[in-house]
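User: I would like to go through this structure and ask what the terms rest on.

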Amino acid sequence: MAKASSRRPPETPPDPMPARIEPCVATLVDKPPNGPNWAFEVKWDGYRLAVHIEPGRVRLITRGGYDWTNRFPSIADDARRLAVQTAILDGEAVVLDDKGRADFGLLQRALGRRPSAFEAGAIVLYAFDLLYLDGRDLRRLPMRERRRQLEPLVAGREGAIRLSEEVEADGEEFFRRACEHGLEGIVAKRRDKPYQSGRRPDWQKIKCVRSDSFVIVGYEPSTMPGAIGRLLLAAKKGEELVYVGGCGTGWTYQESAKLRELLDAIRTDRPAAVLRRRGAVFTRPVLVAEAKYRAWTQDGKLRHPSFKGIRERDDDATIYELE
């Protein structure tokens, strides 16, 4: 009788850990999808971050691929406490208002872009996906399986990294309630799909209020000394910037004066977009304004825009693109 072999089957070699993963981006739609394969979450209003955890270091990578670890020290510190050797978490960094809603303006203040009592420690990351864990690339797995492995790592935590909860509800009812509570919107995701980079129909976003990012190409001075009357905004169209109107609300006088100081430091004589505004001051297109608005006019301008905060063009993947 042949003797049974005592040799162990060979272990599967670990998957190499990616230096960066281009994020999956949700497609904007008018209404929530239906069906049992769709999961729903709150749409967070903040900065998209990938948290890379490795032995001896943590990196926080923006949607545009930049290392912003030093801007989010509380998230980086908390990531070191997670019970993993190596991992990549996908999530959104936010600051919550007194009603538990993500507020982009408060996040800007906490990052030091606008005056505030909020500090960087007020920023939390809501993790909604797990892309890599302890030597295994999870992107090929369906979302339900990635969530199953994510939840034990971050569910129930009160630190700087928390779980973005899935909501068991009818999509249209959840969307209605989200809007009633003043949230920006909701996100729908296919439970049965792998993680794929780029803008995908497997992830869909439905917004209560239109809100997008536009390049600041200049400003019009205010009648009040040292302040801004209107920001001049542009969207992307191919490789060019196209002027889409001005924004003159959403800030206090002190914030407006601070913003003018910032823009005066990047003044230029050459406008980045074609526009004719008497008395306009042009700026280099290196800053991005987040603005909420009601709609678009027939001639391609923003209707009733209101300023929410500033992003840097490091993350120009977020800039609104005209068809």
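Analyst: Contact here means heavy atoms within 4.5 Å. Among contacts in the protein chain between residues at least 6 apart in sequence, 69% join residues at least 24 apart. The model is predicted: local features need pLDDT of at least 70, side-chain atom pairs count only at pLDDT 80 or more, and totals for chains, interfaces and linings use all residues. Residues are numbered from 1 along each chain as its sequence is written, and side-chain values use heavy atoms, with hydrogens and water left out.

User: Why is the protein chain called as compact as a globular protein of its length?

Analyst: The secondary structure comes to 5 helices and 18 strands (DSSP runs, H or I of at least four residues for helices, E of at least two for strands, numbered from the N terminus). The radius of gyration is 22 Å, close to the 20 Å of the globule rule for 323 residues, so the chain counts as that compact. The radius is taken over C-alpha atoms, and the rule is 2.2 Å times the number of residues to the power 0.38.

User: What makes histidine 52 buried or exposed?

Analyst: Buried means under 20% relative accessible area, exposed over 50%, and partly exposed in between (1.4 Å probe, protein chains only). Histidine 52 has 1% relative accessibility, so it counts as buried. Of the 323 residues in the chain, 49% count as buried.

User: Where is histidine 52 found, and which residues is histidine 52 in contact with, leaving aside its neighbours within four places in sequence?

Analyst: Histidine 52 is in strand β3, residues 47–54. Its contacts beyond those neighbours include Met17, Pro18, Arg57 and Ile88.
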